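Colleague: I would like a close look at one part of this model. Please take me through the charged side chains, one group at a time.

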Amino acid sequence: MSPKTKDNPRNRKKVSASEDDDDEDYRKRRDRNNQAVKKSRVKSKQKTLQTLERVNELRTENELLEEKINMLQKELGFLKDLFLAQAGSSNALKHFESVNLQELLGNGEDDNSKS
């Protein structure tokens, strides 16, 4: 038996046909991979944009909530002052003798935290 050599014209045709098939398969795989990469990058970019949009929404919501907190704190202060002024008048004292003002006006203490 003689070893097959590449110099044989028959083998050359088979090798080149095989290489063409390999090249074609390789090209198809590369094209599919390139499409998959593009799709992945687009999806990643969309997710990033959605995340940034959500961050901006949450920041806006947070600012509104902080404004509401400030407004409610001012309102609470006003109502405390009004209550104390009313409780300090001579007529109102009769109505509030049994009320513990320090307990009512506690600084953020909750009745549940005392239990």
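**Charges along the helix**

Modeller: Start with Asp22, which is found in helix α1, residues 9–88. Keep in mind that this is a predicted model. Asp22 has a relative accessibility of 45%, so it counts as partly exposed. Asp22 also belongs to a negative surface patch. A residue joins a patch only if its relative accessible area is over 30% and it has no salt bridge. Asp22, at 45%, is above that area cut-off.

Now the paired charges. Side chains of opposite charge can pair when their charged atoms come close. The cut-off used here is 4 Å between a side-chain nitrogen of Lys or Arg and a carboxyl oxygen of Asp or Glu. By this rule the count comes to 3 salt bridges.

Take Glu24 and Lys28. They form a salt bridge, with 3.6 Å between the closest N and O atoms. That is within the 4 Å limit, so the pair counts. Both residues lie in helix α1. They are 4 residues apart, about one turn of the helix. Glu24 has a relative accessible area of 43% and is partly exposed. Lys28 is partly exposed too, at 46%.

Next, Asp31 and Arg27. Here the closest N and O atoms of the salt bridge are 3.5 Å apart. Asp31 and Arg27 are 4 residues apart in helix α1, so about one helical turn separates them. Asp31 counts as partly exposed because its relative accessibility is 37%, a value between the 20% and 50% limits. Arg27 is partly exposed as well, with a relative accessible area of 43%.

That leaves Arg54 and Glu57. Their salt bridge has its closest N and O atoms 3.6 Å apart. Arg54 and Glu57 sit 3 residues apart in helix α1, so they too are separated by about one helical turn. Arg54 has a relative accessible area of 45%, which makes it partly exposed. For Glu57 the value is 39%, again partly exposed.

The salt bridges are Glu24 with Lys28, Asp31 with Arg27, and Arg54 with Glu57.

Notes
Residues are numbered from 1 along each chain as its sequence is written. This is a predicted model: local features need pLDDT of at least 70, side-chain atom pairs count only at pLDDT 80 or more; totals for chains, interfaces and linings use all residues. Side-chain values use heavy atoms; hydrogens and water are left out. Patches are made of residues with over 30% relative accessible area and no salt bridge: like charges are joined within 9 Å, nonpolar side chains (Val, Leu, Ile, Met, Phe, Trp, Tyr) within 5 Å. Accessible areas come from the Shrake-Rupley method with a 1.4 Å probe; for residues, only the protein chains shown count as cover. Lys and Arg count as positive and Asp and Glu as negative; His and the chain ends are not counted. The place of a charge is taken as NZ of Lys, CZ of Arg, CG of Asp or CD of Glu. Helices (H or I, at least four residues) and strands (E, at least two) are DSSP runs, numbered from the N terminus. Buried means under 20% relative accessible area, exposed over 50%, partly exposed in between (1.4 Å probe, protein chains only).
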